[in-house]
There are 2 protein chains.
Amino acid sequence: MAAIPSGVLGALDSTSDRAVFRQIADQLREAIDKGRFKEGAKLPSESELVEHYGVSRMTVRNALSVLQGEGLVHSEHGKGVFVRPRPPVRRLASDRFARRHRDQGKAAFTVEAEAAGSHPEVDSLEVKEERPTQDVSARLGGPRRVLARRRRYLLDGRPVEFATSYLPLDIARGTPIAEPNPGPGGIYARLEELGHRLDHFEEEIRARMPTPSEVKFLRLAAGVPVIHLVRTAFDKEGRPVEVCDTVMAADAYVLAYQLPAT
Amino acid sequence: MAAIPSGVLGALDSTSDRAVFRQIADQLREAIDKGRFKEGAKLPSESELVEHYGVSRMTVRNALSVLQGEGLVHSEHGKGVFVRPRPPVRRLASDRFARRHRDQGKAAFTVEAEAAGSHPEVDSLEVKEERPTQDVSARLGGPRRVLARRRRYLLDGRPVEFATSYLPLDIARGTPIAEPNPGPGGIYARLEELGHRLDHFEEEIRARMPTPSEVKFLRLAAGVPVIHLVRTAFDKEGRPVEVCDTVMAADAYVLAYQLPAT
DNA sequence: CTCACCCACTCGTCTATACGAGTATGTGTG
DNA sequence: CACACATACTCGTATAGACGAGTGGGTGAG
């Protein structure tokens, strides 16, 4: 078992009333912050830390679980504990649904990803009619059934976003919107062709920890929150014509908005 | 020791390859989701769960720590483990800095909080000149020193937000902006009086787990992420005149934006 | 040389135990 | 009645040990 290089991690302060596992977590966190362990680097193994600090293994694991909860490290069974690298971030601009970005052959996600040098994929496409949740129904003005379009977005093989669009049946049924591939410009282009000229969007943003199914579906590491975005599209008559519910891996996104000062 | 009411929690499946502590966490999560434990209610104590499932205490604690990490429960030393109540949410509208909301005697935070029936407070006010971080300096066009205004916002005694405004010294020094209380309408009103007519704002939003100092300062429960918002204000000449860096308790906020479809 | 296997090392799960510290309650004393 | 204290509960911290399972490298057989 390799010893830990001296100077990287200090000693425990037995006079402190701070719990031992917190002191160990503090020292590891500081070492990571100061770059003594770089992104992707392997931390000392549990048994090395046990040796170094002279504590039991559970105490060391407790310290490591603190850092996992902070999203600083992740562990790989059989390999070790590593400093979590920050994945490339996708920047969502607030004008991404403007008409000038729409009349192209490809979906916005694909265009943006390729511009950023990434390989985009869309999978888990599901299009079906269903009964909306109370929240979605209220946002759409109270329909009892809606068309739901579900899809998952991946960048370079990593799932980053899961989105569901809901549309009232009287708008979407029997149109290209109800097809798996709605065609160039996406469903907003189709809505406008169908006479629902779009006026504005409302977006609501929350952040929270993921549910277990979100962890699975987005393959989220411990300590990574999700951004929950609900966008409602309104036409010129003020009618809500679509609600899009999106859950994003928070470490993969920055949302950017431009607002008038008026 | 009180027994757990039958039907609330099931039994373990020893044939399953799902870890015992995960099965216990699953059952507790399901019971919470289905309302068998209501918001604020006390879960069975660790020793009751030990009794019920016939496992060791560490296994039960492991299960509970999973739920804590998900933000579903929080524990209170000496009392028990409770279903985490969802605090009242503060809704931030994208037009909250529009001029029509400005020319009033009170700060926007105070007005909004009182309208929502809450008791607002602002503390930890610090106003000083300092060297900006590389990021802030870049956003402001590269000044070597800036005025920093730090403050913490509380609702009904609970800290919800920590914000720092940075302004170039040539704009702010010697003006009311450098005073602890900049006067009615806040620093945006003062900037316009000083001839820096505001044109637009840019906001960048991220979500992540809090640092230990953020946990302390915002008194965050385990499993609560933060929303990190950086707003840059631009004047009519296109010059960035302020950067505001805000860290919010994610369970206390919804951000709402309205965007044109143009 | 190649490939299968073994072994050493990693983290994951679980048990059993011990003591400390915060909280609430009831009881007995003044 | 009021208050201090004992007590029984809560969760927090820590130890020591055991076995399992995933990974990777070295070694020996073919």
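In this predicted model, the surface near DNA strand C draws on both protein chains: α2 (46–53), α3, β1 (73–76) and β2 (80–83) of chain A, together with α1 (20–33) and α3 of chain B, each supply at least two of its residues. Around DNA strand C there are 25 residues, of which Arg57(A), Arg61(A), Val20(B), Ser56(B) and Thr59(B) come nearest. Of the atoms of DNA strand C that come within 4 Å of the protein, sugar and phosphate account for 65%. Sorted by class, the surface near DNA strand C has seven nonpolar, 10 polar and eight charged residues.

From chain B, the side chain of Arg57(B) brings an N or O atom to 3.4 Å from a base nitrogen of DNA strand C.

For DNA strand D, the surrounding surface is supplied by α1 (20–33) and α3 (57–69) of chain A and by α2 (46–53), α3 (57–69), β1 (73–76) and β2 (80–83) of chain B, with at least two residues from each of these elements. The residues that surround DNA strand D number 25, and the closest are Val20(A), Thr59(A), Ser45(B), Arg57(B) and Arg61(B). Sugar and phosphate make up 65% of the atoms of DNA strand D that come within 4 Å of the protein. The surface near DNA strand D comprises seven nonpolar, 10 polar and eight charged residues.

Several contacts reach phosphate oxygens of DNA strand D. In chain B, a polar backbone atom of Glu46(B) is 3.0 Å from a phosphate oxygen of DNA strand D.

The arrangement of the two protein chains was also examined. Chain B can be laid on chain A with an RMSD of 0.1 Å by a turn of 180° and a shift of 0.0 Å along the axis, which is the relation of a two-fold axis. Because 100% of the interface residues of chain B are also interface residues in chain A, the copies meet through the same surface. Chain A itself is divided into domain 1 (20–83) and domain 2 (90–256), and the centres of these two domains, taken over C-alpha atoms, are separated by 38 Å.

Conventions. Residues are numbered from 1 along each chain as its sequence is written. Chains are lettered from A and ligands numbered from 1 in the order in which they are written. This is a predicted model: local features need pLDDT of at least 70, side-chain atom pairs count only at pLDDT 80 or more; totals for chains, interfaces and linings use all residues. Side-chain values use heavy atoms; hydrogens and water are left out. A residue is near a molecule or strand if one of its heavy atoms lies within 4 Å of it. A polar contact is a pair of N or O atoms within 3.5 Å; within protein, one must be able to donate a hydrogen and the other to accept it, and residues adjacent in sequence count only if both atoms are side-chain atoms. Helices (H or I, at least four residues) and strands (E, at least two) are DSSP runs, numbered from the N terminus. Ala, Val, Leu, Ile, Met, Phe, Trp, Tyr, Cys and Pro count as nonpolar, Asp, Glu, Lys and Arg as charged, and the others, Gly among them, as polar. Domain bounds come from an automatic or database domain assignment. Copies are superposed by least squares on the C-alpha atoms of residues with pLDDT of at least 70 in both. Contact means heavy atoms within 4.5 Å.
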